[in-house]
Amino acid sequence: MKGKLLPAFFAAGLTLLLGASVLGVQLQSQGIETVVVVHGPLTWLGLFAAAAVVFAYQLVKDRVQRVRQNARQGSRFRLPAFLENHAQRRLMIALAIGALLMFPFMAERSAVDIATLTLIYVMLGLGLNVVVGLAGLLDLGYVGFYAVGAYTYALLNSYFGFSFWEALPIAGGMTALFGYLLGFPVLRLRGDYLAIVTLGFGEIIRILLNNLTEITGGPNGIARIPEPSLFNLQFARRADEGYTSFHEFFGIAYDPTHKVIYLYILALLFALAVAYIIYRLMRMPIGRAWEALREDDIACRSLGLNPTGVKLSAFTIGASFAGIAGSIFAARQGFISPLSFTFIESAIVLAIVVLGGMGSQLGVVLAAVAMTLLPEIAREFNEYRMLLFGLIMVLMMVWRPQGLLPLKRPQMELKRG
Amino acid sequence: MAMLDVVNLTTHYGPIQALDDVSLSVDRGEIVTLVGSNGAGKTTLLMSICGDPKPTSGTIRFEDEEIQGMTTSRIMRSGLAVVPEGRRIFTGMTVEENLAMGGYYRDKQEIARDTDYVLALFPRLKERYHQRGGTMSGGEQQMLAIARALMSRPRLLLLDEPSLGLAPIIIAQIFEIIEKLRDEGTTIFLVEQNAHRALSIADRGYVLEHGRVVLADSGKALLANDEVRRAYLGG
């Protein structure tokens, strides 16, 4: 304790000195003269309080660090025991899906709307997880594929009258094509270089959409994108020619929440499908090849794998999921403009993947929920909202740098004959 | 006709010449070893056979097919496998998954059969079957690297310094396995710094110095050769 007193005094003194020179005194010009103004007792009181806090912290610093270390070791989160068993896990997943399906009928309209957005981010997170988490390719332009998907649907609809269901597979294919075309030349690059090129790609797409005014409407965006129909049933008050409206068909009163609920359920089903497809892929040889490539690409080549091909498959598959998410986003918003696809979107999706724990699907889902809900919940804090958000991110990286639920490698059952 | 035929091979790293007009051959069913000191070009020769770096001139024929222009992944799928220097197993994956990666281009039944085969060859790997590669000892990792290479059922196995950094007792085991593989019909091309051990199991050997083959003879003859003894076997 004694050995710590001196450094603690020193730190407190330094705080006081720096604080006093920055906050305590100020230069003010009066006419041609500059005078030093010394601030009131309240400022000084604050400064002394700060010094006292620093002093106290220096004394207990070691203990705090020890507590933190313990927390880090103790924080190896394990799934509750009842989730270890396959059958029980399946039951839990079924229950969770059931609850998610029930949710929109009980929650408020705005909550359902936010949940739909969350599900879109879940899809994006899962898709990027293939590229970044599994294949280890740092893609900073993921939003570009999201934009391609959204614009494919919007443009096909406004020019050729394609419905959502007709446009969806085309949007998926289109983004996959973009992923392939971009991936082909750049996947020879590694790490930082790849990140920069993909970052550029995301921006190019956005700027292109912004400037191709004749086709995309430029910054004005595309409006009046119809929501998807449910087998020929539309959710508008009055259906278009050749369609029936949902409320008339079932003989119920028109209610705009029907549409919100339908979009939610649609997004949920797509998110589940994406999660399932990726879950299967991870357990197939190609999924293992992605991970092997992330670990050691020389070893992969020595085994006859073509690294560019393997990377390209991850890139293309990841991109096509973004395209599907983009189409759903366009359908939900009804209006898209290049402003929806700025770099910050890429950053958020990447943050979801990293926060979730690279490669882990459940982690990505949780992180996507956290990343979209936190800003909503923190809305009450007004201007401190983003500050709070940033603080939570920093704390997260301090306490759980490996992410919420880091990937536990899937293991195959050993069949002994 | 030799199984592997390297004719007048020259390889450069940028402006630096690493191999100078190297010719050698490996016949079916042989263990052929390449010995030489650090920096003589042993690994370069092996990697040139694998297609990376690409040779500047010369031909490499494997089973009567010229392979020097092919991509590495093509070459590695043509019946040839390499255990790279430094093992390079997938440390985050289990033994089982490492082996499955080795048989990437084969179907499930073949993988299952060959997994049984390599596990019989390396019983130690069976004990470690669900363990991550990175948590195993160096010797076990080397066994895994060899087993993984065998998963593609190669007709020719290239080994780069399998004894590197291992305890003598493990080295002895590894060399025993190499001989056993040869006896079971796999042709082996072995690059080693541990010249004594390598030459004692080899049918034939080459000595590489400054990118050139300076001696070629049977393993026994090289082991008895005065120059070789002085340079590589400590007198």
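Predicted model: local features only at pLDDT ≥ 70, side-chain atom pairs only at ≥ 80, totals over all residues.
Local features need pLDDT of at least 70, side-chain atom pairs count only at pLDDT 80 or more, and totals for chains, interfaces and linings use all residues. Residues are numbered from 1 along each chain as its sequence is written, while chains are lettered from A and ligands numbered from 1 in the order in which they are written.

**View 1. The contact between chain A and chain B.** Chain A contributes 19 residues and chain B 23 residues (contact: C-beta atoms, placed from the backbone, within 7 Å). On the chain A side, α11 (285–295) and α12 (297–302) each supply at least two residues (helices: DSSP runs of H or I, at least four residues, numbered from the N terminus). The most comes from α11(A), with 6 residues. By class, this side of chain A holds 9 nonpolar, 4 polar and 6 charged residues (nonpolar: Ala, Val, Leu, Ile, Met, Phe, Trp, Tyr, Cys and Pro; charged: Asp, Glu, Lys and Arg; polar: the others, Gly among them).

**View 2. The domains of chain A.** Domain 1 spans 1–27 + 41–62, and domain 2 spans 113–399 (bounds from an automatic or database domain assignment). Their centres, taken over C-alpha atoms, are 49 Å apart.

**View 3. The domains of chain B.** Domain 1 covers 1–79 + 156–235; domain 2 covers 86–153. Here 23 Å separate the two centres, taken over C-alpha atoms.

**View 4. Where domain 1 of chain B touches domain 2 of chain B.** Domain 1 gives 9 residues to the contact and domain 2 gives 7 residues. On the domain 1 side, helix α7 (residues 168–183) of chain B provides the largest share, 3 residues. That side has 7 nonpolar, 1 polar and 1 charged residues.

Technical notes. Contact = placed C-beta atoms within 7 Å.
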